[in-house]
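Here are some friendly notes to read beside the model, one point at a time. Keep the viewer open and find each residue as you go.

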Amino acid sequence: MQKFRLSMTLLDVEEDTSLLDKWIELAVANEVKEFDFNVKMNRDKIYSLPGTILSAKFMTTLKLGGCNMELSSKTIRLHSLRKLSLDKVRIDEQLVQKFISEFPLLEDLFLSPGWHSKHFCISHAPKPKILTIDASSNFCYVQNIEIIAPSLQQCIIIFVKAACVIDMAGCSDLKYLNLTDVYILDQDFHNLISKFPLLEKLIVRKCAFLERLTLSSNRLKELQVFFV
């Protein structure tokens, strides 16, 4: 099986859960390469993924949305994974770090935290080239973001509604940066930009606290600034 994609709203949680578990087991058994799974439920209950999903050793793309992933880290065998997307998934932060640090082929990472955390850290990430962090969840007020990813070339940070300090000193090869709806102060912004000598494209969109841009670069090819 090359691709499995499912997007639905669950009405009868108990009845639908067993069916979803069987579909996931079937997809993994047939060596699915791309898995895209988004489930919406009522506020009181949430669908929990079976541990089977983490044993898909041939899977290259894993996109999850709206579900629960409280699983033992010992079951992870996603050794072919290149792209990971966790959209408002309830997951232990240690498991996220295990995804990032232990998969040598992981290149593209999208995270929209489904947990409350003021400090967001991505460390020991030797391979990822593309990183997107979307903190638009109503209960997610990130105040500090730390990224240590020496191979990172593209980073997008969206909707950080607090005075946020972003530390990306470990990303000196970055070429593309997009800050959208990020509350960042002038000095913090200039300190951040100074860490990227190879930056070629910069997009700053609706960053409310940012009042002045001062840039000095012989590499920058494209600059986009949007105030509204």
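1. Let's begin with strand β11, which covers residues 154-160 and contains F159. Please keep in mind that this is a predicted model. F159 is not a glycine, yet its phi is positive, at about 60°. How accessible is F159? Its relative accessibility is 30%, so F159 counts as partly exposed.

2. Now look for another positive phi. E31 has one of about 55°, and E31 is not a glycine either. Where does E31 sit? You will find E31 in the loop between α1 and β2, the latter being residues 34-40. With 39% relative accessibility, E31 counts as partly exposed.

3. Helix α1 itself is worth a visit. The helix runs over residues 13-29, and S18 lies in it. S18 counts as partly exposed, because its relative accessibility is 39%.

4. Strand β5, residues 83-87, pairs with strand β7, residues 108-112, in the parallel sense, and 5 bridges join the two. To see one of them, select L84, whose bridge partner in β7 is L109. Strand β7 also pairs with strand β9, residues 130-134, again in the parallel sense, here over 4 bridges. Which residue of β9 is the bridge partner of D108? That partner is I130.

5. Stay in strand β9 for a moment, where I133 is found. Is I133 buried or exposed? I133 counts as buried, since its relative accessibility is 2% and the cut-off for buried is under 20%.

6. Charged pairs come next. Side chains of opposite charge can pair when their charged atoms come close. How many salt bridges does the structure hold? There are 4. One of them joins R82 and E107, with 3.8 Å between the closest N and O atoms. R82 lies in the loop between β4 (68-69) and β5, while E107 lies in the loop between α2 (93-102) and β7, so this pair ties together parts that are 25 residues apart in sequence. R82 is partly exposed, with a relative accessible area of 39%, and E107 is partly exposed too, at 25%.

7. Another salt bridge links D87 with K88, and here the closest N and O atoms are 3.5 Å apart. D87 counts as partly exposed at 31% relative accessibility. K88 is partly exposed as well, with a relative accessible area of 37%.

8. A further salt bridge connects K201 and E222, whose closest N and O atoms are 3.8 Å apart. K201 belongs to strand β14 and E222 to strand β15, so the pair ties together parts that are 21 residues apart in sequence. K201 is partly exposed, with a relative accessible area of 25%, and E222 counts as partly exposed at 32% relative accessibility.

9. L213, L215, L223, V225, F227 and V228 make a nonpolar surface patch of about 580 Å². L213 is found in the loop between β14 (201-205) and β15 (222-226). The relative accessible area of L213 is 32%, so L213 is partly exposed.

10. Now for the cysteines. A disulfide is a covalent bond between the sulfur atoms of two cysteines. How many disulfides does the structure hold? The count is 0. C155 is in no disulfide, and its nearest cysteine sulfur, that of C171, is 7.0 Å away. C155 is buried, with a relative accessible area of 0%. C67 is also buried, with a relative accessible area of 0%.

11. Finally, zoom out to the whole chain. The domain assignment gives domain 1 as residues 1-81 and domain 2 as residues 114-227. How many Å separate the centres of domain 1 and domain 2? Taken over C-alpha atoms, the centres are 30 Å apart.

Terms used: Residues are numbered from 1 along each chain as its sequence is written. This is a predicted model: local features need pLDDT of at least 70, side-chain atom pairs count only at pLDDT 80 or more; totals for chains, interfaces and linings use all residues. Side-chain values use heavy atoms; hydrogens and water are left out. Patches are made of residues with over 30% relative accessible area and no salt bridge: like charges are joined within 9 Å, nonpolar side chains (Val, Leu, Ile, Met, Phe, Trp, Tyr) within 5 Å. Accessible areas come from the Shrake-Rupley method with a 1.4 Å probe; for residues, only the protein chains shown count as cover. A salt bridge is a side-chain nitrogen of Lys or Arg within 4 Å of a carboxyl oxygen of Asp or Glu. Buried means under 20% relative accessible area, exposed over 50%, partly exposed in between (1.4 Å probe, protein chains only). Two strands pair if DSSP finds at least two bridges between them. A disulfide is a pair of cysteine sulfur atoms within 2.5 Å. Domain bounds come from an automatic or database domain assignment.
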